[in-house]
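Have the viewer open while you read.

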Amino acid sequence: MTSAGQRAPAKRSAGARVLVVDDDEVMRTVLRRIFLDAGMQVETYASAKQLLDTANLSQPGVLLLDVQLPGMSGIELQAVLRVRGVDLPVLFLTGGSDIPKAVQTMRNGALDFLEKPFSPAVLIHRVGQAFEQSLRASEVVAPAALSLDYTRRLATLTPRERDVHGRMVAGMTSKSIALELGGSFRTVEIHRARVMTKMAASHLAELVRLAVDAEAFDRAASLVKRDAPDSDT
């Protein structure tokens, strides 16, 4: 049985193609078994170079990358894929100490990230969501509506919750936030929980995605306004 917010992937995603890049052989074996058991197609690669040299990146699929890879890192691989015009959804696996890097991957276009250790059910759900979203690209809600909704949610936060929110989406841990803002770890944890509830985010990556999308829309809107012809001329 799956809990609310962790529904089993829809039938369309059951045959999703997942390309895993991780230098840990044991992790690759574990991930292969998880995805195969879920009825997904899985390809595993030990390095970024192996993926780039041998994988068919023109076919639909989801990329699951480790942040820390030997040689070309997961973040560097993401940049190469963008330059090459590879339009596959990217998810990252990260350790707790790499959360700031994971946040940066989302600012660079990654769709999601998951912290290790992860629940297989959550992993399957999030990969399934990514695959479904890639299939429904034309159905995505207009950026203006998303930005407005985010702004409304943000307005419900107290000043201290806004402080915590800003540091959460920057990838800071509760311990680091407590040290920077003053106060106890427990108090910060309470604020974090309230931020997640008020922002209607089920996990940190979703909160970061909301912030990144809103920031991107605001930047684009500012450029449009700046470049618009002056109505008085």
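## Helix packing

The axes of helix α2 (residues 25–37) and helix α6 (residues 120–135) come within 10 Å, crossing at roughly 65 degrees. That puts α2 roughly perpendicular to α6 (the label covers 65 to 115 degrees; under 35 is roughly parallel, over 145 roughly antiparallel, and the rest oblique). For the record, axes are lines fitted to C-alpha atoms, for helices over the stretch in contact, and angles between N-to-C directions run from 0 to 180 degrees. α2 passes α6 in a right-handed crossing, meaning that the near helix is turned clockwise from the far one by less than a right angle. On the α2 side, L31, I34 and F35 meet P120, L123, I124 and V127 of α6, where contact means heavy atoms within 4.5 Å. By class, that contact has 7 nonpolar, no polar and no charged residues.

This is a predicted model, so local features need pLDDT of at least 70 and side-chain atom pairs count only at pLDDT 80 or more, while totals for chains, interfaces and linings use all residues. Residues are numbered from 1 along each chain as its sequence is written, and side-chain values use heavy atoms, with hydrogens and water left out.

Now for another pair. Helix α8 (residues 159–168) and helix α9 (residues 174–181) have axes that come within 10 Å and cross at roughly 130 degrees. That makes α8 oblique to α9, and their crossing is right-handed. From α8, R160, D163, V164, R167 and M168 meet I177, E180 and L181 in α9. By class, this contact has 4 nonpolar, no polar and 4 charged residues.

| Helix pair | Crossing angle | Axes come within |
|---|---|---|
| α2 and α6 | roughly 65 degrees | 10 Å |
| α8 and α9 | roughly 130 degrees | 10 Å |

Which residues of α8 are buried? They are E161, V164, H165 and M168, buried being under 20% relative accessible area with a 1.4 Å probe, protein chains only. These four cover an arc of only 105 degrees around the axis, so they sit on the same side of α8; the arc is that of the directions from the helix axis to the C-beta atoms.

Over in helix α4 (residues 74–83) you'll find Q78. Q78 is buried, with a relative accessible area of 3%. Leaving out residues up to four places away in sequence, Q78 touches F92, T105, N108, G109 and A110.

Zooming out, the protein chain comes to 11 helices and 5 strands, with 40% of its 233 residues counted as buried.

How values were computed:
Helix = DSSP H or I, 4+ residues; strand = E, 2+ residues; numbered from the N terminus. Nonpolar A, V, L, I, M, F, W, Y, C, P; charged D, E, K, R; others polar. Buried < 20%, exposed > 50% of the residue type's maximum accessible area, 1.4 Å probe, protein only.
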